[in-house]
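Hello,

Here is the structure I promised to pass on to you. Please open it beside this email, and my notes follow below.

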Amino acid sequence: MQRDLKRRIANIKGVAQESIFLGNGSDEAIDLMYRIFCRPGVDNAVAIEPTYGMYGVCADINDVEYRRVLMDDDFQPNADKILAAIDSNTKLVFFCSPNNPSANNIDRKVIDRVLDSFDGIVIVDEAYIDFAGVPSYLRQLDSRPNLIVLQTFSKAWGMAGIRLGMAFAQPEIIGIMNKVKYPYNVNLLTQQRAMEEVMQYDRVQGWVESILKERTRLMAEFAKLDCCIKVYPSDANFFLARVKDAATTYNYLVDCGIIVRNRSKIALCGNSLRVTIGTVVENNALLDALRAFNN
């Protein structure tokens, strides 16, 4: 049950220990939501589009219909369209905020309206919340019995490799998740490594400040490149940019030993690259390579 680690996390996050679930990455918590709340071949889940791909993958694995609601060109959802996609067999609604791959915070009025109007489970995935500059939905746990908030050690904490995700909800929901999960789902080495970092939380805050500073600089310089058409606003540790030819630019960067994400095949993301903020040296290498490419 990872009680010692949960106790430390509870102090940092300002929630009750009984409201915390720890999983083998956030993906385990996502999968559990389908297994707990949805009947295979009968029920459905609704999500914004584009967004994190594992919501759809887990729906397919669990034989649950996955309904995508396309956002507008500014990557904001419409509450009326989301509610129209919901029917009596809808059990889950997913929001990723800040969203992946668009990097922007989702309009909280939309999320709140769905929370108020839908009596099923609403999941707000806050994997990138440390970079967002807005309050976490953790503050609403006590007043929202149908809310589940996801966070992770993979982003701001820089520990994607230990595979440790967090889900926060009212104790009744967490109790069910603990009953359904596999025993020993989070191994002892992962717990020990996470505990080391939790005891040094101030370091994480310093890392976030450095990334936010570099995000501002890199986005401004990227926008000046000849290949760049538009840089979208970012509230995450990455940004999305529309370029003239995403495939050619991506392949060129691979040849330079630089990896970004070509998101062109995703809805609303034609000819777009997703660029993660790196160190100063890494960011300069990216800019220098693209300046040479444009010349």
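F21 has A167 in β7 as its bridge partner. In this predicted model, β1 and strand β7 (residues 165–168) run antiparallel and are joined by four bridges. Both belong to an open sheet of seven strands with mixed pairing, in the order β1-β7-β6-β5-β4-β2-β3. At its edges stand β1 (20–23) and β3 (65–70), each with a single partner strand, so one side of each has no neighbour in the sheet. From one strand to the next, the twist averages 20°.

Next, have a look at helix α6. It lies across β1, β5 (121–125), β6 (147–152) and β7, and runs at about 30° to β1. Helix α2 (residues 26–37) also meets helix α6 (residues 171–180): their axes come within 10 Å and cross at roughly 95°. Angles of 65 to 115 degrees count as roughly perpendicular, so α2 is roughly perpendicular to α6. On the α2 side the contact involves A29, L32, R35, I36 and F37, and these meet I173, I176, M177 and V180 of α6. Eight residues of this contact are nonpolar, one is charged and none is polar.

Finally, the cores. The largest nonpolar core has 74 residues, and I82, F95, F153, F168, F222, F239 and L286 have the most contacts inside it. Helix α8 (residues 201–223) gives the largest share of this core, six residues. Beyond its neighbours within four places in sequence, L286 touches L218, F222, L253, I258, V260 and V275. Another core, of 26 residues, lies apart from the largest one and includes A29, C58, C96 and A167.

Enjoy exploring it!

Best wishes

Methods
Residues are numbered from 1 along each chain as its sequence is written. This is a predicted model: local features need pLDDT of at least 70, side-chain atom pairs count only at pLDDT 80 or more; totals for chains, interfaces and linings use all residues. Side-chain values use heavy atoms; hydrogens and water are left out. Axes are lines fitted to C-alpha atoms, for helices over the stretch in contact, and angles run from 0 to 180 degrees between N-to-C directions. Helices (H or I, at least four residues) and strands (E, at least two) are DSSP runs, numbered from the N terminus. Angles under 35 degrees count as roughly parallel, over 145 as roughly antiparallel, 65 to 115 as roughly perpendicular and the rest as oblique. Contact means heavy atoms within 4.5 Å. Ala, Val, Leu, Ile, Met, Phe, Trp, Tyr, Cys and Pro count as nonpolar, Asp, Glu, Lys and Arg as charged, and the others, Gly among them, as polar. A nonpolar core is a set of buried Ala, Val, Leu, Ile, Met, Phe, Trp, Tyr and Cys residues joined through side-chain atoms within 4.5 Å. Buried means under 20% relative accessible area, exposed over 50%, partly exposed in between (1.4 Å probe, protein chains only). Two strands pair if DSSP finds at least two bridges between them.
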